[in-house]
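Please look over the model below with me.

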Amino acid sequence: MCGWFTAPIFEGFKGRPAPGTPLGQIANAAPAAVGKYAMSRAYLCVSIDTESDKGKGWRSRRPMSFEGITDGVVKRLHPLFERFGAKPTYLLSPEVLRDAGCVETFRKLAPSCELGTHLHGEYAEPGAFDPDVTSVFQRDYAPDVERQKLTYLTDLFIRAFDHQPQSFRAGRFGIGPASIGILESLGYAVESSVTPHMDWTSSGAPGLSFQGAPSQPYRPDPEQPGRPGSSGMLEVPVTIRRRFLNAIPGIGGRVEPRWLRPTRGTAERLVRVAQDEIAEARRAAPHRPVILNAMFHNVEVVPDTSPYASNEEEARGILDRLRALLTFARREAISVVGLGDVPEILSMSAPQARVPSA
Ligand SMILES: [Zn+2]
C-alpha cells in the first residue's frame, strides 16, 4: 500500500453521502484540504459490459442463455454493490434488451444503478443474427449502417425503460470517425470506449489506436475520439495506465498496460492503479475532480460464461478483487457514481476544473 496516499487526505468530507443525496450536492461538497493545499475529490465509475453468456474463446453459448445476468448480476454483483452503497453502470447489449426476462430484471434494479447501452453490431438490425463470436468493430460498418444499428439499440433501450440512455460503450472498444456524431444526435451524454495506451491493430482492427489518449474525461474530436476536440459529448475513458515498458518502441506495444479491471492480477495491484491515476491526475490538475473508470463484463463473475473464469474459484477471485476496489473507495470516501453522472460532477466543479477541449 502506498503510504502517503492512505493519509486522511479526504478529511474535508467525512464518510459517504447519505443514500439518495442529489448528485449536485455530492459534487458541490467542498474539496478536502491538507494544510494549505486543497485536493480535488475523486469518483469511481464501475462500468460493466452486459451480454449473453459466452465461454472459452468468447464463443456464444447455444442456445443463448443469461446466467451472467440471472446469477452474475442478480446474485453476485448487485448485492455487492448495494452493500457498498455503490452505483454501477450496466451497459446493455442488444440481445439483452431483446430478452423480456432480462428487461424485467433490470427494471427492478434501475433505481440503484445506471443503465446504458453497449453495441455488438451482430445482434442489431439491420442484418441482425446470433453470432458464434462477436468479432465486428462498429467503426467498420458504413456510417449509415452504424447509424441504423445504434438507432435500433437506442430504440430498444427506450422501449424497455421509458427513458433515454445517457452512456454508451462500443463492443471491442471499436468506435470510429462516425460514432461520436451519431451518438450525440441520438442524445447520449457520455461515451466510454476509449482505452488509453491500447492499440487494437493486432486484434483485427488495423489503426484502432488510443495511444496518447487522455486518461481523464474530455470533449472528444468527433472524427478522432481518442483526441480532445469540440464534441458536445463527454468521453470518459477506461482507466488504463502505461507501464514503463510501454514506452519502449517495438516491445512496448506487446506489453499490456495496467487496466483498472478486476479480471486478473491481485487486489493490491488493482488498487495501486487507482492510486496512481488519482495522484497523477491531481498533479496535472489539482482542482479538477478525478474520475476513475473500472470496466469488466457481467459474464466474468460466473464460472464458464467467459474466457476469464472457468470455475467457481476464478469467478470468486474476480469478485474478491472488485470488493477490494470498492473497499478502497469507501475508505478514501470516493463515491461510486454512474458514467452518466460524470458531466454534472465536472460542470459543478470550479471553473478552472472544467472539461478541457481543443
Ligand atoms: Zn461487449
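Q: What share of the contacts in the chain with a separation of 6 or more comes from residues 24 or more positions apart?
A: In this predicted model, residues 24 or more positions apart account for 69% of those contacts, where a contact requires C-beta atoms, placed from the backbone, within 7 Å.

Q: What makes a residue count as buried, and how much of the chain meets that rule?
A: A residue is called buried because 20 or more other C-beta atoms lie within 10 Å of its own, and 46% of the 358 residues of the chain count as buried.

Q: Which residues of α8 are buried, and what covers them?
A: Among the buried ones are Ile318, Leu322, Leu325 and Ala329, and the elements covering the buried residues of α8 include β3 (42-50), α2 (67-83), α7 (267-284), β13 (290-297) and β14 (335-336).

Q: What makes the largest nonpolar core a core, and which residues have the most contacts inside it?
A: The name applies because its members are buried nonpolar residues joined through C-beta atoms within 7 Å; the largest such core has 83 residues, and Leu44, Cys45, Leu292, Leu325 and Val342 have the most contacts inside it. The largest share of this core, 7 residues, comes from α8.

Q: What does leucine 44 touch, leaving aside residues up to four places away in sequence?
A: Leucine 44 touches Leu292, Ala294, Ala329, Ile334 and Val336.

Technical notes
Residues numbered from 1 in each chain as written. Predicted model: local features only at pLDDT ≥ 70, side-chain atom pairs only at ≥ 80, totals over all residues. Buried ≥ 20, exposed ≤ 12 C-beta atoms within 10 Å, placed from the backbone. Helix = DSSP H or I, 4+ residues; strand = E, 2+ residues; numbered from the N terminus. Contact = placed C-beta atoms within 7 Å.
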